[in-house]
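Please open the model in the viewer and keep the selection panel at hand. The stops below proceed from one selection to the next.

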Amino acid sequence: MVLSRKISVIIPAHNERENLLVLVPRLLAISEGFHIEIIIALSSESNNLDASCFSSKEVLIEKCKEKGRAVQMNQAAKNARGNILVFLHADVIPPKTFFKSIQETIVSGMDAGFFSYQFDSDSFWLKINAHFTKTDGVFTGGGDQCLFIKKEVFQRLGAFNEDQVLMEDFEFFKRMKKAKTRYTIVNDDLIVSARKYDNNSYVKVNLCNLIMVLLFKCGYNPEKLKALYGRMLKTV
């Protein structure tokens, strides 16, 4: 039986073809019994993917004229037909009970939620990092945790701030808390890529993350924040 609430999974992507060819079939495989659509919001510079890559009418491609994750996610959210929006990174793999957890959270009376996660790595230190995603804390609201939210609540909060070119997820979460949005953290681990740590180092990435959060909380200019992030870490 298909459940009444339609779930729109929105995946902002920039040259993520290989990851999407893994993620999208996974989402389709675990969606049986749920009413879903998958919207891939491609950046203006992504030209290596189209709907023919996926043999499903549930998969839609949004080609965005402007660049930026907030822009991409807002455009897809505006066109989404679901009443639950799910914002998922292209290099994240959801658990088998992904849609069940989302549905049950919303039915329980919550307006939104996030997922705990673990890394695709056996690193002891990354396991420590992942442990902190199971509880509400200073890093809650980051994109790797996969925000899901009622569409009406997302719209009421004003969507993502497109001027926030980095940490748009944290800025949105800040507004969620100010508005007393009912949310929870679902302890149903996503699998998150450790590539950022592989390309840099554990200490460097964690130091950079801490600096970004502190500067964001101090109201640092988003463009300067993004430039600093690019200087501190290898992101490719």
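**Stop 1**

Select helix H6 (residues 168-178), which holds both Glu171 and Arg175, 4 residues apart, or about one turn of the helix. The model is a predicted one. Display the two side chains: Glu171 and Arg175 meet in a salt bridge, with an N to O distance of 2.7 Å. Glu171 counts as buried, because its relative accessibility of 14% falls under the 20% limit. Arg175, at 21% relative accessibility, counts as partly exposed.

**Stop 2**

Now colour the strands. Eight of them form an open sheet of 8 strands with mixed pairing, in the order S3-S2-S1-S4-S7-S6-S8-S5. Strand S3 (59-63) and S5 are the edge strands, each pairing on one side only.

Next, select strand S1 (residues 6-13) together with strand S2 (residues 35-42); the two pair in the parallel sense over 8 bridges. Within this pairing, Ile10 has Ile39 of S2 as its bridge partner.

**Stop 3: salt bridges across the chain**

How many salt bridges does the model contain? The count comes to 10 salt bridges. Two further examples deserve a selection of their own.

Begin with Asp91 and Arg195, which form a salt bridge whose closest N and O atoms are 3.1 Å apart. Asp91 lies in the loop between strand S4 (84-87) and strand S5 (92-93), and Arg195 lies in helix H7 (residues 195-199), so the pair ties together parts that are 104 residues apart in sequence. Is Asp91 buried or exposed? Asp91 is buried, at a relative accessible area of 17%, whereas Arg195, at 38% relative accessibility, counts as partly exposed.

Finally, select Asp111 and Lys150, a salt bridge in which the closest N and O atoms are 3.4 Å apart. This pair links distant parts of the chain, 39 residues apart: Asp111 is in the loop between helix H3 (98-107) and strand S6 (112-119), and Lys150 is in strand S7 (residues 147-150). Asp111 and Lys150 are both buried.

Technical notes. Residues are numbered from 1 along each chain as its sequence is written. This is a predicted model: local features need pLDDT of at least 70, side-chain atom pairs count only at pLDDT 80 or more; totals for chains, interfaces and linings use all residues. Side-chain values use heavy atoms; hydrogens and water are left out. A salt bridge is a side-chain nitrogen of Lys or Arg within 4 Å of a carboxyl oxygen of Asp or Glu. Buried means under 20% relative accessible area, exposed over 50%, partly exposed in between (1.4 Å probe, protein chains only). Two strands pair if DSSP finds at least two bridges between them.
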